[in-house]
Amino acid sequence: MKRLMLRLTSIMLVAVLFFVAIGWFGQHEKVNNALYRAYYGDHGVPADHVAVYEDAADAYDVDWRLLAAVHRVETIFSHSSSMRSSVGAIGPFQFMPRTWLGWQYDTDDQKGDVPEDEIDLTDLTLIEQYGGLGRDGNGDGQADPHSLIDSAHTAAYYLSEHGGQTSDSYESIRSAIFEYNRSEQYVDNVMSFYDQYQTEVTLLPGDGKTTKQQVARYTIRYLEWFAKLT
């Protein structure tokens, strides 16, 4: 009897863990963000992002590895559409809504927040009207701060305008990063990854060969497959 109860308890435990796992994996963005933070941040750059960085970098004459470093520090390579910081910065490259739309837009919030139900942040006409940074990187007629492509192009444009081009000096690039986020610690963090990527860039999961990389790769494939079902 004792052995039977033990088996039943084990079966019930496995069943509970199974359903919890299904529920957790069903939250596609949450799992993806967790994977990026726990794995990509320490082990490399997502291979699928490199083409995005390179395209944006070529458009504004900056080093794609600089964009990768900024993205790493800002959101650990996340491309979640729900990404928002504690101060209201949004998207993969963390722009304040008013910076994206333009500071000429009249709002009571002086920190740069603009409720997205108040005005269309993706409207290129409004961005031009209010002198915003937002750029349409994929040519779809919108500048979406939640889009990895659009936000990468916007980051490249901003860095280029502030001395972060490939022909600029190392100190000039540091100054451009400081303009992006006025914190010396932030500059040091970005430049640390930028220097690291100059020497070696491990692409994940595209060329992953280790067991950990393979696990990450197949986990991502499962998440993408599961997301299509939900």
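**Note on helix packing and selected residues**

1. In α4, residues L66, L67, V70 and H71 meet L148, A152, A155, A156 and L159 of α7, a contact being heavy atoms within 4.5 Å. The residues of this contact divide into eight nonpolar, one polar and no charged; Ala, Val, Leu, Ile, Met, Phe, Trp, Tyr, Cys and Pro count as nonpolar, Asp, Glu, Lys and Arg as charged, and the others, Gly among them, as polar. Helices here are DSSP runs of H or I with at least four residues, numbered from the N terminus.

2. The model is predicted: local features need pLDDT of at least 70, side-chain atom pairs count only at pLDDT 80 or more, and totals for chains, interfaces and linings use all residues. Residues are numbered from 1 along each chain as its sequence is written, and side-chain values use heavy atoms, with hydrogens and water left out.

3. The geometry of the α4 and α7 pair is as follows. The two helices pack at an angle of about 115 degrees, with their axes 10 Å apart; axes are lines fitted to C-alpha atoms over the stretch in contact, and angles run from 0 to 180 degrees between N-to-C directions. α4 and α7 are therefore roughly perpendicular to each other, under a scheme in which angles under 35 degrees count as roughly parallel, over 145 as roughly antiparallel, 65 to 115 as roughly perpendicular and the rest as oblique. The crossing of α4 past α7 is right-handed, that is, the near helix is turned clockwise from the far one by less than a right angle.

4. Helix α7 (residues 148-161) also packs with helix α8 (residues 170-180), at an angle of about 125 degrees and with the axes 8 Å apart. That angle makes α7 oblique to α8. This crossing, too, is right-handed. A155, Y158 and L159 in α7 meet A176, I177, E179 and Y180 in α8. The residues of this contact divide into six nonpolar, no polar and one charged.

5. Not counting residues up to four places away in sequence, T154 touches F95, W100, L133, G134 and R135.

6. D61 is found in the loop between α3 (47-60) and α4 (64-75). The residue follows α3 and has a positive phi, near 55 degrees. D61 counts as partly exposed because its relative accessibility is 33%. Leaving aside neighbours within four places in sequence, D61 is in contact with G164, Q165, T166 and S167. The side chains of D61 and T166 are joined by a polar contact of 2.7 Å, meaning a pair of N or O atoms within 3.5 Å, one able to donate a hydrogen and the other to accept it, where residues adjacent in sequence count only if both atoms are side-chain atoms. D61 and A156 are 95 residues apart in sequence, and their C-alpha atoms are 8.0 Å apart in space.

7. Within α3, the buried residues are H49, V50, V52, Y53, A56 and A57.

8. Q110 is found in the loop between α5 (97-101) and α6 (124-130). With a relative accessible area of 59%, Q110 is exposed. Beyond residues up to four places away in sequence, Q110 touches R98 and W103. The C-alpha atoms of Q110 and R98, 12 residues apart along the chain, are separated by 9.2 Å.

Key: Buried < 20%, exposed > 50% of the residue type's maximum accessible area, 1.4 Å probe, protein only.
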